Amino acid sequence: MLERSQNHNLPDPPVFPLLPLRGMIVFPYTVTPLEVGRPRSLQALEVATLGQRRIVLAAQKDDRVQEPAPADIHAVGTLCEIKQVLKLPEGQLRVLIEGKSRVRIERIEQEEPYYQALVSPLESPAPESGAQLEALVRTTRRLFEQYTQLSKQLPEEVVHSILSIDDPDRLLNTIASQLNVSLEDKQAVLEIPALTDQFEHVCVLLTREMEILELEKRIHMRVRRQMEKSQKEYYLREQIKAIQKELGDRDERQAEVEEYRQRIEAKGLPPEVKEKALSEVRRLEKMPPMVAEAVVVRNYLDWLLALPWKERSQDRLDLAVAERILNEDHYGLDKVKERILEYLAVRKLTKGVKGPILCLVGPPGVGKTSLGRSIARALNRKFVRLSLGGVRDEAEIRGHRRTYVGAMPGKILYAMRQAGTRNPVLLLDEIDKMTADFRGDPAAALLEVLDPEQNHSFSDHYLEVPYDLSEVLFIATANVLWTIPRPLRDRLEIISIPGYTDEEKLNIARRYLLPKQIKEHGLKPEQLQVSDRTLVRIIDAYTREAGVRNLERAIATLCRKATREVVAGEKTPIRITVGNLSRYLGPPRFLRTPREEEDRVGLAHGLAYTEYGGDVLTIEVTVVKGKGRLTLTGKLGEVMRESAQAGFSYIRSRAEYLDIPADFHEFTDIHIHVPEGAIPKDGPSAGIAIAVALASALSGRPVRHDVAMTGEITLRGRILAIGGVKEKVLAAHRAGIRTVLLPRDNAKDLEDIPARIRRKLDIRLVEHMDEVLDVALRKERTAEPVPLLSASEPRPDAPRPDDEPDTGGHLPYVPEQLPPPEDSPWWEARP
């Protein structure tokens, strides 16, 4: 190490010309060519050449600086000897420089016309151990050899020449000059004083560079293998093409493209759609066969060509035949059948009529879905059922855009493809069961589908071209209307199907259900006999529904048991009567509310409308001496409680007319109860029945047992219209009621009641409560009315004990504990 510092004696003082280097460093013991062109550098080089041919080379900190200041130059550089100078065109010089030793620039003695620097040798301490230095030398040789094998930038001769250097200092500087590292890393090696520290830093740089080279090698191998595979495939395909050409075979890609073009021409697409299809074919023609996008284009073209653009079925415009088919499949449902026949009549006179958009609303089991299939058969159209129950994604209606993986069209276009014609009957089943979430609202997407002014150009996200839905006959089904959004409901033509009467159920069972089940169970018509009285008994006692699903299940049970008896060898025909019905179906499951057989005080018959039809509702009122409390029981809803209060207020206002004390409410407890307390009840239509029962209990006049009533009451005694008239009147008829009181505003609903039922009932239309009281209450009293308050009894305004609450002379409202809303079943009775 002593030699290292004394090898090159420096003059006194050691001042040399300074040449700043851009983007490079010259190490000791290395010979490096330079090109010099800056005026200050040329001047320094000329002075050094004319003198001792010694010059200091130091790297700039930023190689982008054209004229560096002293602060822009590193403090450690290399003292070099000029070996050769060669003049180049345009005034530049090419110089061959040999590094001699490391020096530290103490200060800049001169800046113009060139830099002169005062330098000092960079002293290096002697190594602590010769073994340590030897180990570092060997490690550096080994790493450098591995590095050159990976980089392959140096010829083998040069590598062997470097590895054969014995002097550690020369070996270190030579290896450092050959590393492909940054200028900062090389400068760090140059500035480290101790030789051992320099070797350690070079080993770190060699290890890091080898890791980078290994990674580059792996990447290069992967890319090379992929390129070789692609080149091999291309070469083989070219060979196949050449062989096919020699054999006269067509290219598969060209054949596929040509087939698509022929299908597009034959399909007769609209101009806009045809142009879109041809552009996709041109894209497919330019794509390599194995590209993933080619599969997407093929699927799109297949969907585009599979949809019916011009194909349509011929409508059956014979109204008589269409009506016969509708009557064959369904009994009743006259409003729906009439609407379909009207559409056919208009269709017969004009060709440009748009398809109606009907919505059949009714309880389960009334035949809404099967009616859609029957309408399609009557019109001679294709029928497609589209279930919307549980649909919560807008993309299920409009489809997904082709940018998504696995994108497909929506349910509407899928149904059109399934139909194969552009004018099918499309049944949107359970349209009231759709929900919305973060993916969108499917009901909003249906607004365009179900709008006759817009659906001639329905846009599916996948298809990206307009599709005409104006000739489609849309039929939606729903159980309720309140879950359908109002904008969507506004586009639908609502047709209510309230449910079947018992007479209609009997006809359906006799004409359709019984023959169908006999056939499905392998029986012959003569092997099973079921009387009409038996079917009526099944309808009344074993099923309670608006439709006929449970009725069909009960008949299926009869057929199964009859089939077993036939197989067991029982004598035929098997006769099922009212007497032996329980042996087949078990005990009756439902009992109709019986009417009272005699007039009673405080008991009136109301009429209720439920999801499974109408029923008779009994209302009981009891009056006892007390402190003026009003109690309502029977699981009554809030609206029904308010109706009871309105009826009570009206009775108080008519106390003189009913001949009862005007202050009865101050000393009387009244209890209003509606039996079957486990069934929730609500609605305003029981108002007049509650008022009649109150008037009877307070006046002692009995209520006629053969009278039933329904209507909403106001505080002035007016009677307002209610709903479910048909079902309520039929329930009264079943219970043996002779007189039915209805609001006069419901006169329009009498047309829905069968004529034979109207003939058997005395239906009276009333508009004031006084009319109801005159009809419903007997003139004579059979019980004592509410007595006057005796003198010995304290009045309500007299002082009361501290523990007795003051009611203020009014009846306190004692509410019954209401159940939470979720406890109310869907079959909740609604009077």
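Trainee: How much space lies in the second largest pocket?

Mentor: This is a predicted model, in which local features need pLDDT of at least 70 and side-chain atom pairs 80 or more, while totals for chains, interfaces and linings use all residues. Residues are numbered from 1 along each chain, and side-chain values use heavy atoms, without hydrogens and water. A pocket is an open set of points on a 1 Å grid where a 1.4 Å probe fits, with protein on both sides within 12 Å along at least five of seven lines; lining residues have an atom within 4 Å of a point. For the second largest pocket, the space is about 590 Å³.

Trainee: Which helix gives the most to the lining of the second largest pocket?

Mentor: The lining has 25 residues, and D329, H330, G367, S370 and V548 lie nearest the centre. Helices are DSSP runs (H or I, at least four residues). With six residues, the helix that gives the most is α13.

Trainee: How much space lies in the largest pocket?

Mentor: Its lining holds 48 residues, with I497, P498, G499, Y609 and E727 closest to the centre. Helix α25 gives the most, four residues. The space in the largest pocket is about 1400 Å³.

Trainee: What is the mean pLDDT of the protein?

Mentor: pLDDT is the predictor's confidence in each residue, from 0 to 100. In this protein, 89% of the residues reach 70 or more, but pLDDT stays under 50 over residues 795-831. Where pLDDT is low, the predicted coordinates should not be read in detail. The mean pLDDT is 82.

How values were computed: Contact = heavy atoms within 4.5 Å. Points joined across faces, edges and corners; volume = space filled by probe spheres on them. Helix = DSSP H or I, 4+ residues; strand = E, 2+ residues; numbered from the N terminus.
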